[in-house]
Amino acid sequence: MSSTRSPLAPASFPALPAIAGVTLRVARARYKQWDRCDLTFVTLAPGTSVAGVTTQSKCPSPEVEWCRAALTLGRARGLVVNAGNSNAFTGSRGRAAVEAIAARTAAYLDCQPSDILMASTGVIGVPLPIDKAEAGLDAAFAAPPCTWEVAAETIMTTDTFAKAAVTTAIVDGRTIHLVGIIKGSGMIAPDMATMLGFIFTDAAVDSAFLQSALSDANRSSFSCITVDSDTSTSDTVLAFATGTAGNAVLAGANDAGADAFRAALGDLCLQLAHLVVRDGEGASKFIRIDVDGADSDASAHRIALSIANSPLVKTAIAGEDANWGRVVMAVGKAGEPADRDRLSIRFGQTQVARNGLAVEGYDEAPVATHLRGHEIDIGVDLGIGSGRATVWTCDLTHGYISINADYRS
């Protein structure tokens with residue numbers, strides 16, 4: 001947790017409603033030498049359904065593997081989140097820690113270990129100490145309930161501010177609520193959702209439908225952001241539906257309120273994804289990249305990511321330099337269909353290149369003004385098709401180097 005708040009952070013933590021069937025508690029397991037809570041324990045009402053998306057890394061943590069197995073059952077009674085130690089690349093010792101945490105939590109809640117979902121974040125390669133985990137859990141079991149803000153702070157690592165969002169929808173004549181908390185600042189790339197995110201709703205939702213809705217929401221939110229192109233071993237986003245709102249269970253796309261629920265979940269995920277980019281390690285600019293006129297939507301997405309992940313593009317934006325030649329470079333290296341002589345580029349609302357050439361005599365003053373701001377828009381039109389995509393990223397400053405050079409110390 002950084003003491004210097006990101007300049008892109010919201011002014012304050014949002015006002016969030018309580019979600020019936022969700023109780024939050026935190027404790028100090030002391031996974032690192034820090035004076036803060038680092039274990040979050042969430043109790044979920046019986047009958048809660050769950051869905052999730054996890055990292056595409058080929059070196060996933062034991063917690064990710066545990067969640068994948070638990071998600072096939074579609075039910076949840078508890079969630080345990082550890083901060084400061086990712087427990088990844090820890091072999092049998094890491095798996096033993098996960099099993100111990102699940103068993104102890106399940107015994108407390110009188111449920112099956114498979115009803116417990118888990119996530120850990122922090123340093124890779126250090127086994128999660130079982131003694132600290134068990135002592136931390138015992139402290140969490142005895143702790144009073146806490147607020148959303150405290151829970152959001154407890155899951156942080158290099159984050160500079162606690163992140164949360166809320167949406168509502170009308171389902172079966174009832175107002176249902178969706179609340180999400182998330183952590184993420186570095187090791188952010190769109191190979192699912194490079195972060196830990198937890199979404200809670202009081203709606204009654206079948207687990208299969210919840211999974212479908214979350215997977216769709218993920219594709220247009222968490223899979224459209226990048227800070228540094230690096231994919232974590234621990235990425236996990238979980239959605240829990242307690243069913244306490246009393247609506248008829250959403251089980252299919254044709255159910256009344258299904259579209260409204262999908263839209264609300266998509267909005268919530270996009271809000272959370274943007275908050276992660278706004279807290280990108282060392283970030284000073286929030287960058288939106290729109291690619292149009294590509295061969296396909298998938299091609300546009302890959303081109304947008306090529307631009308967003310380019311260190312040369314990101315450092316140019318950090319330096320407030322309208323070096324659109326670097327955007328051309330990033331388009332060209334993406335390996336996607338492109339025609340140099342049809343390519344057009346804009347910064348903000350100012351067209352700087354059109355049909356493969358610099359716009360003759362364009363006024364650089366509004367571009368310079370745009371780049372001095374915190375919100376940066378880059379538009380690219382390939383002029384060869386109807387494919388389009390939007391990706392969000394941040395600039396690359398010396399702050400990113402400083403944070404990651406000192407990460408383990």
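**Aromatic contacts and nonpolar cores**

The charged end of Arg278 is placed over the ring of Phe286, at 4.0 Å from its centre, in this predicted model. Arg36 likewise lies over the face of Trp34, with a distance of 4.0 Å from the ring centre.

Across the whole structure, a search identifies 6 aromatic pairs. Phe41 and Tyr108 form an edge-to-face pair, with 6.0 Å centre to centre and 70° between the planes. This pair links distant parts of the chain, 67 residues apart, as Phe41 belongs to strand β2 (residues 39–44) and Tyr108 to helix α2 (residues 91–109). Phe41 counts as buried because its relative accessibility is 0%, whereas Tyr108, at 39%, counts as partly exposed. A tilted pair is formed by Phe209 and Phe261, at 6.4 Å centre to centre and 40° between the planes. Phe209 is located in helix α5 and Phe261 in helix α6, so the pair ties together parts that are 52 residues apart in sequence. Both of these residues are buried. Phe41, Tyr108 and Phe141 form one aromatic cluster.

The largest nonpolar core comprises 44 residues, and Ile199, Phe261 and Leu265 have the most contacts inside it. Helix α6 gives the most to this core, supplying 11 residues. Apart from it lies another core of 30 residues, including Val42, Ala151, Ala164 and Ile181.

Helix α5 contains 13 residues and spans 18 Å from its first C-alpha to its last, close to the 18 Å expected. Among its buried residues are Phe209, Leu210, Ala213 and Leu214; the elements covering the buried residues of α5 include β3, β8 (196–201), β9 and α6. Asp206 caps the N-terminal end of α5, with a side-chain oxygen 3.0 Å from the backbone nitrogen of Ala208.

Conventions
Residues numbered from 1 in each chain as written. Predicted model: local features only at pLDDT ≥ 70, side-chain atom pairs only at ≥ 80, totals over all residues. Heavy atoms only, no water. Core = buried A, V, L, I, M, F, W, Y, C linked by side-chain atoms within 4.5 Å. Buried < 20%, exposed > 50% of the residue type's maximum accessible area, 1.4 Å probe, protein only. Helix = DSSP H or I, 4+ residues; strand = E, 2+ residues; numbered from the N terminus. Expected span 1.5 Å × (residues − 1). Contact = heavy atoms within 4.5 Å. Polar contact = N/O pair within 3.5 Å; in protein donor to acceptor, adjacent residues only side chain to side chain. Phe/Tyr/Trp six-rings, centres within 6.5 Å; stacked < 30°, edge-to-face > 60°. Lys NZ or Arg CZ within 6 Å of the ring centre and 35° of its normal.
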